[in-house]
Amino acid sequence: MRTAQNNRVGRLGHLQPAGLQDGDRRHARRTGPGARVIFELFEGRLPRLVMFDLDGTLVDSVPDLAAAVDRMLVQLGRPAAGVERVRDWVGNGARVLVRRALANDIEHAAIGEAETQQALELFNEAYADNHALSSVYPGVRTTLKWLKQQGVELALITNKPERFVAPLLDEMKLGRYFRWIIGGDTLPQQKPDPAALLFVMRLAGVEAQQALFIGDSRNDVLAARAASVPCVALSYGYNHGRPIAEEGPTRVLDDLRQLLPGCTVDDAALMSPDSPEYPPHRDSIVVVASKQWMKVIKALARWRWRA
């Protein structure tokens with residue numbers, strides 16, 4: 001049996017992925033409904049591991065994030081930003097989101113640390129356990145369920161602070177699909193640094209060519225590229241107002257179900273249990289309560305590498 005000590009392979013910062021050569025740079029190709037994308041990417045096979053981003057990929061969390069940002073700004077005597085502006089600011093974790101809100105711009109270098117910390121505390125208080133406006137994107141549960149049924153290991157890698165990850169997953173009923181969950185402060189590095197991807201691949205015992213990353217932003221594409229992992233990007237997510245195809249992912253999808261073989265988006269919509277009134281199957285082996293999820297994430301946090 002593999003022990004925790006055997007899993008400890010050194011400081012993550014020392015894990016340096018081989019970079020892509022100029023001739024190997026991938027070009028994004030939009031895929032239509034019914035394609036066999038996941039098999040096309042792996043020469044007729046399935047990947048052993050699929051890693052997902054969270055916000056903008058699996059869950060539309062901007063309405064709740066915007067509500068928290070606006071409450072923070074009003075408490076500081078500033079005008080509210082609104083959903084559309086916040087949508088362009090998300091993707092780099094809570095601290096950067098707060099700094100952008102204070103700057104009222106995506107560039108935030110002029111914002112001081114003391115100002116940031118005060119605002120961040122207000123934001124964290126406003127956002128904690130407040131997910132009433134968030135929703136799972138169409139096709140997400142269908143896709144996650146299909147991958148699990150095929151025996152593919154699933155992981156979640158997000159820049160969202162880990163204290164917010166477990167409650168959101170629990171409320172959206174998505175946590176049971178993932179074996180590994182990495183929050184934005186679980187490790188010292190965040191995306192676009194590839195450390196979290198390399199960490200999960202190490203735990204799963206898979207090589208880069210056996211893994212896939214799915215996200216929606218420039219940070220996701222850059223992290224996957226640095227880890228030498230193919231990246232499928234979703235066109236509907238958050239990429240600071242820019243088309244995700246500009247970032248050069250391996251493939252661009254308009255719906256996550258386009259990943260599945262022989263399944264058009266229209267057909268998937270008919271058979272998908274994504275509607276709120278359809279109760280998801282609860283697997284007693286992998287479903288855990290919210291407090292237990294928090295224990296899992298805190299355990300991951302304790303695995304931060306030391307010299």
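Predicted model: local features only at pLDDT ≥ 70, side-chain atom pairs only at ≥ 80, totals over all residues.
The secondary structure of the protein comprises twelve helices and eight strands. Of its 307 residues, 50% count as buried. The protein exposes about 14500 Å², and carbon and sulfur atoms supply 49% of that area. Among the contacts with a separation of 6 or more, 71% are made by residues 24 or more positions apart. Particular side-chain pairs illustrate such links along the chain.

The structure contains four aromatic pairs. In one of them, the ring centres of Y127 and F164 lie 4.9 Å apart with the planes at 80°; the pair is therefore edge-to-face, the angle being over 60 degrees. Y127 belongs to helix α6 (residues 113–127) and F164 to helix α8 (residues 162–172), so this pair ties together parts that are 37 residues apart in sequence. Y127 and F164 are both buried. Ring pairs also join F123, Y127 and F164 into a cluster.

Another aromatic pair is formed by Y137 and Y236, whose ring centres are 4.3 Å apart and whose planes stand at 40°, so the geometry is tilted. Both residues lie in loops: Y137 between β3 (135–136) and α7 (140–149), and Y236 between β7 (231–234) and β8 (251–253), so the pair ties together parts that are 99 residues apart in sequence. Y137 counts as buried because its relative accessibility, 10%, is under 20%. Y236, with a relative accessible area of 22%, is partly exposed.

Charged side chains provide further links. Side chains of opposite charge can pair when their charged atoms come close. The structure holds twelve salt bridges. One of them joins E40 and R251, with an N to O distance of 3.1 Å. E40 is in helix α2 (residues 37–41) and R251 in strand β8, so the bridge links distant parts of the chain, 211 residues apart. R251 is buried at a relative accessible area of 6%, whereas E40 is partly exposed at 42%.

A salt bridge also connects R78 and E115, whose closest N and O atoms are 2.6 Å apart. R78 lies in the loop between α3 (62–75) and α4 (83–89), while E115 lies in helix α6; the two are 37 residues apart. R78 is partly exposed at 29% relative accessibility, and E115 is partly exposed at 28%.

R242 and E246 form a salt bridge as well, with their closest N and O atoms 2.8 Å apart. R242 is partly exposed at 48% relative accessibility, and E246 is partly exposed with a relative accessible area of 48%. Finally, D53, K191 and D220 are linked in a network of salt bridges.

Notes. Residues numbered from 1 in each chain as written. Heavy atoms only, no water. Phe/Tyr/Trp six-rings, centres within 6.5 Å; stacked < 30°, edge-to-face > 60°. Helix = DSSP H or I, 4+ residues; strand = E, 2+ residues; numbered from the N terminus. Buried < 20%, exposed > 50% of the residue type's maximum accessible area, 1.4 Å probe, protein only. Contact = heavy atoms within 4.5 Å. Areas by Shrake-Rupley, 256 points an atom, 1.4 Å probe, with all protein chains shown as cover. Salt bridge = Lys/Arg side-chain N within 4 Å of Asp/Glu carboxyl O.
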